[in-house]
Amino acid sequence: MTEFLTPQELASLTGWIQPKKQCQWLTANGWVYTINAANCPVVNREYCRQRQGCGHNVGAQPKIEPNFSIFV
């Protein structure tokens, strides 16, 4: 799996095959993306997951707190 969405995934996300139309959809829907040398939009995979509500902070450790109840 790559760091960025594939052209097929971008087409599935936006509903458009043409890069220009994909950019219009991404912009209209408030997505952050860049344009590569081939004038195609590039969307980070983790950003996409977060936008879709199923992302998480990569490398984030769960917050662990001491068990203060033993000091009673």
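How do α1 and α2 lie relative to each other? Keep that in mind as you click around this predicted model.

**Stop 1: the whole chain.** Start with everything shown as a cartoon. Now colour by burial: of the 72 residues, 21% are buried. Contacts are worth a thought too. Take those between residues at least 6 apart in sequence, and 26% of them join residues at least 24 apart.

**Stop 2: helix α2.** Select residues 19-28, which form α2, and show the side chains of Gln22, Cys23 and Leu26; these three are buried. They sit on the same side of α2, because the arc they cover around the axis is only 100°. There's a handy rule behind this kind of pattern: an α-helix has 3.6 residues a turn, so residues three or four places apart point the same way.

**Stop 3: α1 against α2.** Hide everything but the two helices. Two packed helices are described by the angle between their axes and the distance between the axes. Here the angle is about 55° and the axes are 10 Å apart. That answers the opening question: α1 and α2 are oblique to each other. The crossing of α1 past α2 is left-handed. To see who makes the contact, select Pro7, Leu10, Ala11, Leu13 and Thr14 on α1, then Gln22, Trp25 and Leu26 on α2. Sorted by class, this contact has 6 nonpolar residues, 2 polar ones and no charged ones.

Stop 4: Move along to Gly30, which follows α2 and has a positive phi, near 75°.

**Stop 5: the loop between the strands.** Which residue has a positive phi although it is not a glycine? Select Asn39, in the loop between β1 and β2: its phi is about 60°. For background, most residues other than glycine have a negative phi.

Notes: Residues are numbered from 1 along each chain as its sequence is written. This is a predicted model: local features need pLDDT of at least 70, side-chain atom pairs count only at pLDDT 80 or more; totals for chains, interfaces and linings use all residues. Side-chain values use heavy atoms; hydrogens and water are left out. Buried means under 20% relative accessible area, exposed over 50%, partly exposed in between (1.4 Å probe, protein chains only). Helices (H or I, at least four residues) and strands (E, at least two) are DSSP runs, numbered from the N terminus. The arc is that of the directions from the helix axis to the C-beta atoms. Axes are lines fitted to C-alpha atoms, for helices over the stretch in contact, and angles run from 0 to 180 degrees between N-to-C directions. Angles under 35 degrees count as roughly parallel, over 145 as roughly antiparallel, 65 to 115 as roughly perpendicular and the rest as oblique. A crossing is left-handed if the near helix is turned anticlockwise from the far one by less than a right angle, and right-handed if clockwise. Contact means heavy atoms within 4.5 Å. Ala, Val, Leu, Ile, Met, Phe, Trp, Tyr, Cys and Pro count as nonpolar, Asp, Glu, Lys and Arg as charged, and the others, Gly among them, as polar.
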